[in-house]
Amino acid sequence: MLPSIGRCLSRRLRTPPAPELRAFIVRNTEPVSEHLSPEISLRLLTPRCPFWGRAAQPWPFGDPYWAIYWPGGQALSRYILDNPAVTTAKRVLDLGSGCGASAIAAVMSGATDVLANDIDPLAAVAIGINCELNKIPPLRVATENLIGKMEEKWDVILLGDMFYDEEIATDLHNWLTKYKRFHGPEILIGDPGRAEFTKYLGQDWLKKVTEYELPASTKEENYGLTSSSVWRFL
Ligand SMILES: C[S@@+](CC[C@H](N)C(=O)[O-])C[C@H]1O[C@@H](n2cnc3c(N)ncnc32)[C@H](O)[C@@H]1O
């Protein structure tokens, strides 16, 4: 997923205190608004940042998924910003929130309660920074694994680029099927056509909502992907 710095980064040496993490994130990212939702600024890892394209060794944390605005999340945020009725006055869960963009889009589109959920503690800090950048109050963030949990009732569940490997795709499909039957939320999936997602296409639980072209100038950041779509889990 992260061809330049991925794979070797799957190690977490330690989790330093939040101010140290904050400083690390600010030092190694830059504010960006060149993506599908330019009304949201995000601190991201770009080709101009020190770690871009470098060997993973000096990077002290796990894979920096939170430092990338994935095409699936971009499509999802664009859709929410253009169709605020989807989240207005709703309780919204952004599962696998990463940089927090889709959760921020939900707040900007009138959601009353938004939980940004990501198991990476660095994502939680990055989400806080991105809230400040967009002058919105800090989001509620949870770092526990909510896949499989049925207790809390959400009106809307957002999943940006979460079908990235077989294990998580299967877990999500099983849980979402059960959760939809039990609580009946609106479930929206943003995906640029990853293999672990497209294997489900044609099945009757999935309906395409819309497709967006990604900005041509960000081809490098998007690893060559040119479009991304939003799907409803029926
Ligand atoms: C490909 S990124 C997508 C980030 C964001 N949704 C976007 O589209 O920009 C996947 C994210 O899911 C998070 N993640 C992986 N497994 C998770 C789980 N079980 N629960 C919550 N987040 C998870 C990772 O830490 C990572 O930030």
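Helices (H or I, at least four residues) and strands (E, at least two) are DSSP runs, numbered from the N terminus. The model is predicted, so local features need pLDDT of at least 70 and side-chain atom pairs count only at pLDDT 80 or more, while totals for chains, interfaces and linings use all residues. Residues are numbered from 1 along each chain as its sequence is written, and side-chain values use heavy atoms, with hydrogens and water left out.

Helix 2 (residues 71-82) contains both Arg78 and Asp82, which lie four residues apart, about one turn of the helix. Their side chains meet in a salt bridge (2.8 Å, N to O), a term for a side-chain nitrogen of Lys or Arg within 4 Å of a carboxyl oxygen of Asp or Glu. The side chain of Arg78 also meets that of Glu39 in a salt bridge (2.8 Å, N to O). This second pair links distant parts of the chain, since Glu39 sits in the loop between strand 1 (30-32) and strand 2 (42-44), 39 residues apart from Arg78. Arg78 is buried, with a relative accessible area of 12%; buried means under 20%, exposed over 50% and partly exposed in between (1.4 Å probe, protein chains only). Glu39 is partly exposed at 39%, and Asp82 is partly exposed at 44%.

The structure holds 13 salt bridges. Another joins Glu211 and Lys208, with the closest N and O atoms 2.5 Å apart. Glu211 counts as partly exposed at 40% relative accessibility, and Lys208 counts as partly exposed at 37%. Arg91, Asp113, Arg140 and Glu152 are linked in a network of salt bridges.

Strand 9 (residues 227-233) is mostly covered, with six of its seven residues buried. Strand 9 pairs in the antiparallel sense with strand 7 (residues 186-191) over five bridges and with strand 8 (residues 206-213) over seven bridges; two strands pair if DSSP finds at least two bridges between them. Val230 in strand 9 stands opposite Gly190, and Phe233 in strand 9 stands opposite Leu206.

The ligand is surrounded by 20 residues, each with a heavy atom within 4 Å of it. The closest are Trp70, Gly96, Asp118, Asn145 and Gly160. A backbone N or O atom of Gly96 lies 2.6 Å from a ligand nitrogen atom. A polar side-chain atom of Asp118 lies 2.6 Å from a ligand oxygen atom, and one of Asn145 lies 3.0 Å from a ligand nitrogen atom.

Conventions. Polar contact = N/O pair within 3.5 Å; in protein donor to acceptor, adjacent residues only side chain to side chain.
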